[in-house]
Amino acid sequence: MKLARSKVLLTAGVACSLALLVGVVYLFKLPPFEEKGEIKADEICASLGSSSSAADSLRNVLPEESSYSFDNDVKLRVDVTDTDYESSCFVSGGGEQLLVAKTSLMEDESETSWTQWVKGTAANDASVASLKPFAMSKTAVASDRFAAVFVPCTSEGKIPGGQYNLSVSVELKQAGDSSASATRNALIDLVKSAGSFAHDKALCDMAFESA
């Protein structure tokens, strides 16, 4: 009887130890419970532009997850008189939305007016709290969580209302381990790439200058 009881206690002790070990491993995301997912260039949103450079930028800003998913949508213009061009890219991982990129064709505005408008499109106010300009031919601002550019597209006279531009923005909702400076630079590269894609697809007749 004592021997049987000892075996039961030993078995229970081993089970508890294994459960504790599993809990610790899961908590700290140690192998084999959490493997690092791969961001493949041929799987990312087309609206982010050059797949290889966009993939590099995403690797620099996103947190490590076991897998990533990309949801891309582009609404093209019918012709140069059409004012409706939109695109969106949603990047998810670990059950959360990690990054959002959006593009819209809109009437030209002053730097102040556009900046206020694009700040209002951010999901988190903190993302746009420390926006600073960066070098580009038109209005461009960025922080370590948000980057946006206002790209000239259709010249005055083609559409009623005057010149039309592309407003392109990228918001990082969940950040990786890169420094704030490195993250900001990667977001700038990403929004420039997305801007170049949109400029090519939106039937723009005005020059695109990324620097």
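**Pocket, cores and an aromatic pair**

The largest pocket holds about 170 Å³ of space. A pocket here is an open set of points on a 1 Å grid over the protein atoms alone, where a 1.4 Å probe fits, with protein on both sides within 12 Å along at least five of seven lines; the volume is the space filled by probe spheres set on the points, which are joined across faces, edges and corners. This is a predicted model, in which local features need pLDDT of at least 70 and side-chain atom pairs pLDDT 80 or more, while totals for chains, interfaces and linings use all residues. Residues are numbered from 1 along each chain as its sequence is written, and side-chain values use heavy atoms, with hydrogens and water left out.

Lining residues (an atom within 4 Å of a point) include Lys36, Arg59, Leu62, Tyr68 and Asp177.

Leu62 turns up again in the largest nonpolar core, being among the residues with the most contacts inside it, as are Phe134 and Val149. This core has 41 residues; such a core joins buried Ala, Val, Leu, Ile, Met, Phe, Trp, Tyr and Cys residues through side-chain atoms within 4.5 Å, buried meaning under 20% relative accessible area with a 1.4 Å probe, protein chains only. Its largest share, eight residues, comes from α4.

As for rings, there is one aromatic pair. Tryptophan 114 and phenylalanine 150 are stacked, 5.0 Å centre to centre with 15° between the planes (pairs need ring centres within 6.5 Å, the six-membered ring for Trp, and stacked means planes under 30 degrees apart). Both residues, tryptophan 114 and phenylalanine 150, are buried.

Terms used:
Buried means under 20% relative accessible area, exposed over 50%, partly exposed in between (1.4 Å probe, protein chains only). Helices (H or I, at least four residues) and strands (E, at least two) are DSSP runs, numbered from the N terminus. Rings of Phe, Tyr and Trp (its six-membered ring) pair if their centres lie within 6.5 Å; planes under 30 degrees apart count as stacked, over 60 as edge-to-face and the rest as tilted.
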